[in-house]
Amino acid sequence: MKRSLAVIGVGNMAKSIIAGITSSDINVSCFYLFDKNLATYETMQEHDSFVYSKSVEDAIAASDTVLLSVKPQNYPEVLDAITNVSGYEKKLYISIAAGITSQSVSDKLGGATVIRVLPNLPMTIGKGVSAICKNHAASADDLSFVDAVFASAGSTMFIEESEMNRIIGALSSSPAYVFKFIDAICKGADAQGLDGRALLDAVCDVVIGSAMLLKSLPDTPDELIKKVASKGGTTQRAIDTLDEYDFDGIITKAMIACTARADELGRKDD
């Protein structure tokens, strides 16, 4: 079945989703785009199926499926606008805002079907990981469509919505931890008289290669650490130092804080 897709909020994540769809065989006949900032359209590669709508209402009225890609604080305004459109409750809504439940969006949209998705930044280069909530009231066709949309820009996994806030720290926020880790390695090189900026590409390759190796083997991360760190050697000294400063505990605390913030956003939405 051909779908017409309204995209409300055309930021980097939405652009990546659109690019994934247009480069695949997903059956979307037309994209009705709306963003308050008209300049955001300037970086988009033109496509015959793009229609630039004058308002949220125009985009919703013309579509059967809606991607809500606005910041959580803008949801009330956008949802209010949607309710001005005849038949708005019969459309499928895809929500990618952190901390906002599919039920709360559905309640404000007259019981409409809402599928909540958590994408991450690597989606912008087609290497994203998206967690899709299992909406048990949604049709198989709707779930299959959403899965295909996000798989077009990376990989997907289905989870229960009760797990969503806890998985943000593992999937959506974690690229920031990786960037910070890479930055810390480069700063460590600087501290020893090397040019950390010149080493950035090499360090990125080390991270990519290490992750690919871990995915290709049955070994656990701990088993691979032992393969790199010889007893009494240089790597083991480094690992001992990370353990001394509770590296694992710091990451766990960061993830718990991430979940707590998502819970706070959810309470504000209630």
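Colleague: Leaving aside its neighbours within four places in sequence, which residues is V146 in contact with?

Modeller: The model is a predicted one. V146 belongs to the largest nonpolar core, where V146, I17, L33 and F150 touch the most other members. With neighbours within four places in sequence set aside, the contacts of V146 are L92, I94, I115, V117 and I132.

Colleague: Which helices and strands each supply at least two residues of this core?

Modeller: The core in question has 30 residues. At least two residues each come from β1 (3-8), α1 (12-22), β2 (28-34), β5 (92-95), β6 (113-118) and α5 (140-151).

Colleague: How many residues are in the other core?

Modeller: The other core lies apart from the largest one, and A6, I60, V66 and Y75 are among its members. Its residues number 25.

Colleague: By class, which residues make the contact of α7 with α8?

Modeller: On α7 the contact is made by V178, I182, I185 and C186, and on α8 by L200, V203, C204 and V207. No polar and no charged residues take part; the contact has eight nonpolar residues.

Colleague: Is T40 buried or exposed?

Modeller: T40 is found in the loop between β2 and β3 (50-52). Beyond its neighbours within four places in sequence, T40 is in contact with V10, G11, K15 and D35. Buried means under 20% relative accessible area. Because its relative accessibility is 12%, T40 counts as buried.

How values were computed. Residues numbered from 1 in each chain as written. Predicted model: local features only at pLDDT ≥ 70, side-chain atom pairs only at ≥ 80, totals over all residues. Heavy atoms only, no water. Core = buried A, V, L, I, M, F, W, Y, C linked by side-chain atoms within 4.5 Å. Buried < 20%, exposed > 50% of the residue type's maximum accessible area, 1.4 Å probe, protein only. Helix = DSSP H or I, 4+ residues; strand = E, 2+ residues; numbered from the N terminus. Contact = heavy atoms within 4.5 Å. Nonpolar A, V, L, I, M, F, W, Y, C, P; charged D, E, K, R; others polar.
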